[in-house]
Amino acid sequence: MGAIPLELPGAVLTHPFGDDVDVYKVGVAAASGAGGTRTGGKMFCLVSQYGDPGMMTLKVDPDRGAELVRDHPAITPGYHTDKRHWVSVTLDGSVDDEQLRTLVEDAYDLIVSSLTARARFDVDPDRFPLAPRRSPHR
């Protein structure tokens with residue numbers, strides 16, 4: 001499952017909560033600090049490897065999140081996150097790979113859309129070009 005978030009432009013894998021929780025962020029500054037730790041950015045996906053079968057927590061639009069929780073027994077309000085803006089998916093196979101991929105991509109898109117124009121450009125300059133600068137002499 002780890003490959004899906006990392007396939008997205010500018011996504012990075014971090015471990016701020018320990019080795020058993022993969023935290024995927026976008027908009028992360030270049031490697032800096034002791035040991036090359038990556039700073040900043042915003043989370044869009046967490047994958048907990050505690051227990052079996054594991055759990056993925058994803059950013060969602062609140063209306064979509066309520067619909068997912070209602071329609072899928074394996075999807076619950078976000079574990080240890082804002083219950084309106086995050087959902088947790090039990091990775092027991094009942095949510096198929098295609099739907100899981102869509103949820104990851106939607107979470108990513110929500111977070112990228114909340115970044116500054118410069119940060120979006122740094123993530124994917126082809127998709128998010130910067131507006132031309134206006135001349136100060138008009």
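The model is predicted: local features need pLDDT of at least 70, side-chain atom pairs count only at pLDDT 80 or more, and totals for chains, interfaces and linings use all residues. Residues are numbered from 1 along each chain as its sequence is written, and side-chain values use heavy atoms, without hydrogens and water.

**Sheet**
- Six strands form an open sheet in the order β1-β2-β3-β4-β6-β5, with antiparallel pairing. (Strands are DSSP E runs of at least two residues, helices H or I runs of at least four, numbered from the N terminus; two strands pair if DSSP finds at least two bridges between them.)
- β1 (12-14) and β5 (75-77) are the edge strands, each pairing on one side only.

**Around β3**
- β2 (residues 21-28) and β3 (residues 40-48) pair antiparallel over 7 bridges. Val 23 stands opposite Leu 46 in β3.
- β3 and β4 run antiparallel, joined by 4 bridges. Val 47 has Met 56 in β4 as its bridge partner, and Cys 45 stands opposite Leu 58 in β4.
- The β3-β4 hairpin has 6 residues between its strands; Gly 51 in the turn has a positive phi of about 70°.

**Thr 57**
- Thr 57 sits in strand β4 (residues 55-59).
- Thr 57 is buried, at 5% relative accessible area. (Buried is under 20%, exposed over 50%, partly exposed in between; 1.4 Å probe, protein chains only.)
- Beyond four places in sequence, Thr 57 touches residues including Phe 44, Tyr 79 and Trp 86. (Contact means heavy atoms within 4.5 Å.)
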